[in-house]
Every structure is written in structure tokens, then in C-alpha cells.
Amino acid sequence: MNKRSFLTALGSIPLLGLNQALAQTMAGMDHSQHGMAAPGQPAQAAMALAPVNALPTGAPLATLAKLTNTSTTPGVFQATLTAASVTLPLTAAGPTELWAYNASLPGPLIEVFEGDTVEILFINRLPQPSTIHWHGLPVPSEQDGNPQDAVEPGAQRIYKFTLPKGCAGTYWYHPHPHGFTAEQVYRGLAGTFIVRAKDDPLQQVPERLLVCSDLKLSGDGRIAANDANDEMDGREGQFALVNGQHQPVLQFAPGGRERWRIWNVNSARYLRLSLPGATLTLVGTDGGLLEKPVSGLTELLLAPAQRVELIVDAPVKPGRVALQAGVYARGKMGNAPPDQALTLLQVDFGAVSGQPLPALPAKLRTLANLGPVQAKKRVVFSEKMSMAGGVHRMKFLVNGKQFDMDRFDLTSRAGDVELWEIANESDMDHPFHIHGTQFEVIESVLNSKVTAAPYRAWRDTVNLISGETVRLKMVQHFKGPRMYHCHILEHENAGMIGQLRVA
Ligand code: C2O
Ligand code: CU
Ligand code: CU
């Protein structure tokens, strides 16, 4: 089965995303009324005061709802995204009001080809200003959902851009209004975006899309507000979701091999992924395929906002294996409870034929060399304790400052090859992200030890541990303002953002 028919087959399953989760939830609630537990769920799960147990588990993994293209012109993708409130009975504790794109959690998948022109009508039915930011995509600044271009409640606008050749990869979209980004994302606003290449060398491998997010609910089933730890460390919900579901079950392809695209769209949760027994090969990062496969992965750290493409080969022995997110120490402060390893989903591996799987192509694509460096930049992440108003807070800064929408911190010339040095002088990990382009990590420095990047890759987000410096090469092709920031959304929201003027 080729990739397209595989996707079509998945697309024909009538229950999509949240609807399926919802059906499962209602089935679970039904059972509990009769004193029975839903499958895979403890008997007391429906008790209102145990929200940690209140989301059902064990449903078949949902496929992502897709945004339908309403254009009949070849090469044009046209659709509407409406951000609005939607209330769902996710738990027995009470209804949950989410904010969602087209009532879908996660937001519907936009799937296009390199060269396509995308035209999205955005309708804002939220009680706050919003924008749509096309995370990682090379779109002009004025189409990129900058906070300066906010769409007011009740208003709408069109985002329009053409995707260049070579940008095939795994992207996403989310709001980026000033002061409201973190809240809008944790209420449910984030969707996926895949740009495909016609000559994708892995298109024969059946594809699986896994969007990791989380949900923090209070005892009454509502989306909980941030507490002091959330503001300091970034918000982590008690429910880690995949495709909007809590610990669903993935039925692995009978051929024994799948290509997984994984998104970390969590506000702050780091995903230290492992899948014991399976063979994992890294083939792509944020900005698409690597030059060649990187085999022999045992675990993989996916920081907030990052994406990967993996080839997963089934273990020889059939059975159920948990996709785990292990404990990752990222230097949290405050008095958050200690982290625990989580099961993100269960994978049901069937019997494999015993025939060895074909070797992956030795070469996936050619990554252009950016060439000699024409300009340099330095960005420093730091933290500062504040006792303003008698409240103990941590301020996170970029080059010693907090974000000011009307200030440019750095200037670049469109088309210049630049070397950016990002230094993390704070005590916590922070994922650095820049808008408008993909970069190549050249090397990182920790305790004066320089480590060259082990392979070439396009990324738009890179994690920095405390004390680490990374050097990146990038080119901004469009003029206009661009932001760079920590992608822990509470940090971003509190002003851990700098602004670049591309002239
Ligand atoms: Cu995911 Cu400033 O963005
Ligand atoms: Cu972005
Ligand atoms: Cu941060």
C-alpha cells in the first residue's frame, strides 16, 4: 500500500479525533453509571474527585481530523479555521470548555505539497485577540501571525503564502497574540501542518501521526488555571494526550514498519521518548528529512515545539509495548511535585513475517550548505529573581530584557548567512525558537567542551540545558519583524522573547 492510499484508508474511518475520544468517554461514563469500569480504567475512575483517573484510556488511537481543501484550483489550498469555545463532557466530573480550531482537538491537519499556495480564512470567535502563527514555515512576516497583527474578537483575516520547494516537513500552527498565547494553546488551540514532497524517498512506508499535548483539569472537570509552579516552570497537565486522547492504543501496521511523525505541542512538557523492543531510526526533524537515516536510537528527547520523523520497526516478539515519556530533569524550580514517567500510548505489535525489512535508503536528500558566515548574533537566556509586591517570582530574560513589541533587539539583512550563538545562563532548560526560517545546529558548548552536531538537520527549535551554548547557522529570506523566544509558553508569555528586524 503506498502512502496516499494508506492515508485515504485512515481518513475513511468515520470517527475522527475528538469525536472518537468523546464517543469513548461517553461509553466510559455509561459503564460507570452501572458500577462498571470502562476497559483499561480503574473502577473508581468516574468519581468526580479523582480527576487524575477521570479521562478514559485504551481507546483505539484516533486519526487526525483533516482540514478540507475547498479550492478546485490545482496547487491551491483554501480553507477556514475558526477559533471558538467548545464544551465537551470529557470527564464525569463536569463539562470541559476548550478553545479549539473548528471544534477539533488537536486542530485539523493541514496537508499540502511543496509549491502550493495556502489561503486560510481565520475567524476569531474567542473573547481575546488572537492570530495564527505558522510555526517553522517559511512564510512572509506579515502572514506569520505576529502579535502586532492581532485579529480582534469577532474579526477575521486571510493568511496567504506560497510554500517553496525544499520545505517538506512537519510543522504546526498556534495562536501568537501578545499576552494570551500560553492560555490559548493550553485551552486547546494548536494544529498540525505537513508539507509533502512529490519525491519523498520514504513514501512507501505507512505513516502515523502522533500529536502530543497535555491537559490540566481541576476537580470539576474544567481547564485549570496556572498555579505558581506553572508560571515558573511552565505548565504541565496531569493528562498527557496523544491525538487528543489519553493513553490510546495504536495497532501497528502488519508489515512491521511505520513512519512516525511526532509533535510536541505541550506548553512545557519535555518528552523523553522510548519504545522498548522496537527499532527506532531518526529520519527527520522540524524542517524535514535528514541527509541520511540515524539508526540505533534507544531514546529521544523532544523539547516543547519540536517534531521528529522516525522509522519504527516492530520487535520480533509480538505484544503490547508502552510508548513512554521518561523522567527528564530540566531544572524545575519552586515546589512542584517530582516528575514521574508516563505512558503516552500503548502499541499493539502483531506477529511479523520474519522476513527482514528492506534497508532504508542510504541517502534521504541533500541539505544545501548555507555557505560562509556574513554576520553574527548572540542571544543570552538568563533569569532574575524578583520580589515585586512581596511575591517571589522568577523573571526570564533575553539579552537582559523582557519583550517589548515596539522594540527591535537585533537587525539582520534578508539573505545573509548568519551565525547565531545562543547561551543559556539560567538554571533551567529553555527551548530556543525563531520564526520564519529553519536553522542548522553547528555545535554546542558545555563546560568549555565543544561538541559538533552529530548529523545535519533543519530545525526551528533547539533545547539548551543550563550552562550550554549552541551555535546555529541560518538565513532569513523575508523582510519584516521576527520573534525568537523560549518555547516554554509561560516563559514566552512572561516576556522571554526578543525581536529581530529583517531589513
Ligand atoms: Cu511556536 Cu513563536 O512560536
Ligand atoms: Cu514559531
Ligand atoms: Cu524558558
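What share of the contacts in the protein with a separation of 6 or more do residues 24 or more positions apart account for? The share is 76%, where contact means heavy atoms within 4.5 Å.

The model is predicted: local features need pLDDT of at least 70, side-chain atom pairs count only at pLDDT 80 or more, and totals for chains, interfaces and linings use all residues. Residues are numbered from 1 along each chain as its sequence is written, chains are lettered from A and ligands numbered from 1 in the order in which they are written, and side-chain values use heavy atoms, with hydrogens and water left out.

**Figure 1. The protein as a whole.** The protein has 5 helices and 31 strands, taken as DSSP runs numbered from the N terminus (helices H or I, at least four residues; strands E, at least two). Of its 503 residues, 58% are buried, that is, under 20% relative accessible area, with exposed set at over 50% and partly exposed in between (1.4 Å probe, protein chains only). The accessible surface comes to about 20,000 Å², and 55% of that belongs to carbon and sulfur atoms; areas come from the Shrake-Rupley method with a 1.4 Å probe, and for residues only the protein chains shown count as cover.

**Figure 2. The copper ion (ligand 2).** His 133 (NE2) and His 433 (NE2) coordinate this ion at 1.9 Å. Because His 133 lies in strand β5 (residues 133–135) and His 433 in strand β25 (residues 430–434), the pair ties together parts that are 300 residues apart in sequence. Both His 133 and His 433 are buried. Donors are N, O and S atoms within 2.8 Å of the metal (3.2 Å for Na, K and Ca); water is not among the atoms, so sites may look incomplete.

**Figure 3. The copper ion (ligand 3).** The donors here are His 430 (ND1), Cys 486 (SG) and His 491 (ND1), at 2.0 to 2.1 Å. Along the chain they follow the spacing H-x55-C-x4-H. His 430 in strand β25 and His 491 in helix α5 (residues 489–493) are 61 residues apart, and the pair links distant parts of the chain. His 430 counts as buried at 0% relative accessibility, and His 491 is buried with a relative accessible area of 0%.

**Figure 4. Surroundings of Ser 267.** Ser 267 lies in the loop between β13 (257–264) and β14 (271–274). Its relative accessible area is 3%, so Ser 267 is buried. Neighbours within four places in sequence aside, Ser 267 is in contact with residues including Tyr 186, Arg 235, Pro 304 and His 487.

**Figure 5. The second largest pocket.** About 700 Å³ of space lies in this pocket. A pocket is an open set of points, on a 1 Å grid over the protein atoms alone, with protein on both sides within 12 Å along at least five of seven lines; a cavity is a set where a 1.4 Å probe fits but cannot get out; lining residues have an atom within 4 Å of a point. Points are joined across faces, edges and corners, and a volume is the space filled by probe spheres set on them. The pocket has 28 lining residues, with Gln 306, Tyr 455, Arg 459, Val 462 and Asn 463 nearest its centre. β26 gives the largest share of the lining, 4 residues.

**Figure 6. The largest cavity.** The volume of the largest cavity is about 170 Å³. It is lined by 17 residues, and Leu 105, Val 185, Gly 188, Ser 213 and Asp 214 are the closest to its centre. The largest share of this lining, 4 residues, comes from β9.
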